[in-house]
Structures are given as C-alpha cells and as structure tokens.
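Please read them with the coordinates open.

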Amino acid sequence: MNTPFSFSAVGTITTPFKQKFAIPRQPNLARAKGQIHLYPDYADPQVFKGIDGFSHLWLLFVFHQTMERGWKPAIKAPRLGGNATLGVFASRSTHRPNPMGMSVVENHGVKIINGQPVLNVCGVDLLCGTPIIDIKPYIRYADSIEASDNLDHYAPIPHRPVSFSEQALPQLHQHSQRHPDLAALITAVLQQDPRPAYRHKNLDDEKVYQVLLYDLDIAWQVRESAIIVQAIELV
C-alpha cells in the first residue's frame, strides 16, 4: 500500500551557484560556501544546540528545478562516458520518484543575523535557493565505510589546469574585492570540466562556455586540454 505523506522545507540555502550548469558533481569538490536560512517556524536557535560538536553535516534537499520533469527508471551516467545508463537507484540522478538529494558538507558554525540563526557550511554542490528539508550530523563511524564499492573505477572526474586571460585577470582582481574566494572557486569549479561528458574528448574546443557564479558571468574555453577563463563580467 502506497501511503501518501508530505514534507515541508525547513529553510533554503544561498550559494554562489546561480544555474545548474557547472555545479560540482558531488559535494566538497569545490570549497563553495553556503548559508542556510530557516523559515520562521523553525528559526529557534535551540534547533542548532550541540551542532558545533560535528565537523560535517548531511543536508537533505529537494531538486526543485527538475522535479516537474518526473522520474526515469534509467539515466545516463556522466562517469560512464555520458551515453551508458544506470538504474535510477544506482545513481544520484535528479530524476527520482521522490526528488530528494543529500550532500555532506563542512560545518562552519551558526551565527545570529538579524536575530535569526544562520548555519554556515562549506563544500556545497547546491543551487542557490534550494529548499532544505532536513539537517543531520555526519557521524564518521557510521557514515564512512572504508570497504565500500563505488564509482572510483569508472571515468575519473577531470582535473584540468585553469588559467586567466589578460582580459580576465584585471576583472578577477576587481571582483575579488567583493568575493575574496572568487579565484579559488572558479578554479575548483572549472578544473572539473563542466562540459557534458561526451565532449571531454574534445581537448581543443572553440566553443565559449559560460557559468554563473555569484552575480558574475564567467566565460571560458577548453584549449589544448586546459581551461582558459576569457572574461568575468557582472550579470
């Protein structure tokens, strides 16, 4: 019997990622920072009592921008080359029967802002504005299994060198005044080569790609297997 039930989000998270493209494929692949703002019904500082005792946290969230597309029994897996498929329950695809995801992030502590508790985290792989439905402590002895099998033997995530063009360097300096982590974030995001997996074999790609981080449009290309940032402009 399929018993109906529902969940309510406890808050949302703000992150540098303004679009799905180029969000790291897993958490902690880039040291992107996020802030979790609770909705009024849950914004009691006591909900975070004792959370400072945990270095990492699980975030359970909703794939809110893809949920209307429904689910698929089999999906294309990027680390299998882009065309091979896996069953939805053998993947972390967004196209799930219940559009729920989970990410482990670093706990950077709670601050009171305008009388409300705000949880700071690092290593996020979530779109800005993602609804958070629960927060749980990461417990190493239970959550980390050294002998587990995983996708490490499949295609590795790229790690390409990233450089900034003569045009982009002064723009980087200018915008880093507001976003001190900008250079490190751009490098961490782009070195993973956010292009679709089937394009990874093209190591001299003339197409100019664009990524939105914070309020900035990052234009970049892949030339001779390296990432070159061509421009950094305000949206």
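The points below run from the overall fold to single residues.

1. Overall fold. This is a predicted model. The protein chain holds three helices and 12 strands. Its radius of gyration is 19 Å, close to the 18 Å that the globule rule gives for 235 residues, so the chain is as compact as a globular protein of that length. Along the principal axes, the C-alpha trace spans about 50 × 45 × 35 Å.

2. Burial and contacts. Of the 235 residues, 42% count as buried. Take the contacts between residues at least 6 apart in sequence: 68% of these join residues at least 24 apart.

3. Surface and charge. The accessible surface comes to about 13,900 Å². Carbon and sulfur atoms account for 54% of that surface. The chain carries 22 positive and 21 negative charges, and their mean positions lie 4 Å apart.

4. Main core. In soluble globular proteins, nonpolar side chains tend to be buried together. Here the largest nonpolar core has 45 residues. Ile36, Ile135, Ile186, Leu190, Ile218 and Val229 have the most contacts inside this core. Helix α3, residues 182–190, gives the most to the core, with six residues.

5. Second core. A separate core of five residues is also present. Trp58, Leu60, Val104 and Ile133 are among its members.

6. Ile36. Which residues does Ile36 contact, leaving aside its neighbours within four places in sequence? The list is Thr12, Ile13, Leu59, Pro117, Val118, Leu119, Val121, Ile132 and Ile135. Ile135 is also named among the core residues with the most contacts.

7. Helix α3. Its buried residues are Leu182, Leu185, Ile186, Ala188, Val189 and Leu190.

8. Ala184. Is Ala184 buried or exposed? Its relative accessible area is 53%, over the 50% cut-off, so Ala184 counts as exposed. Ala184 and Lys207 are 23 residues apart in sequence and 23 Å apart in space, C-alpha to C-alpha.

9. Gln191. This residue sits in the loop between α3 and β10. Why does Gln191 count as buried? Its relative accessibility is 17%, and buried means under 20%. Not counting residues up to four places away in sequence, Gln191 touches Pro158, His159, Arg160 and Val162.

Key. Residues are numbered from 1 along each chain as its sequence is written. This is a predicted model: local features need pLDDT of at least 70, side-chain atom pairs count only at pLDDT 80 or more; totals for chains, interfaces and linings use all residues. Side-chain values use heavy atoms; hydrogens and water are left out. A nonpolar core is a set of buried Ala, Val, Leu, Ile, Met, Phe, Trp, Tyr and Cys residues joined through side-chain atoms within 4.5 Å. Buried means under 20% relative accessible area, exposed over 50%, partly exposed in between (1.4 Å probe, protein chains only). Helices (H or I, at least four residues) and strands (E, at least two) are DSSP runs, numbered from the N terminus. Contact means heavy atoms within 4.5 Å. The radius of gyration is taken over C-alpha atoms; the globule rule is 2.2 Å times the number of residues to the power 0.38. Accessible areas come from the Shrake-Rupley method with a 1.4 Å probe; for residues, only the protein chains shown count as cover. Lys and Arg count as positive and Asp and Glu as negative; His and the chain ends are not counted. The place of a charge is taken as NZ of Lys, CZ of Arg, CG of Asp or CD of Glu.
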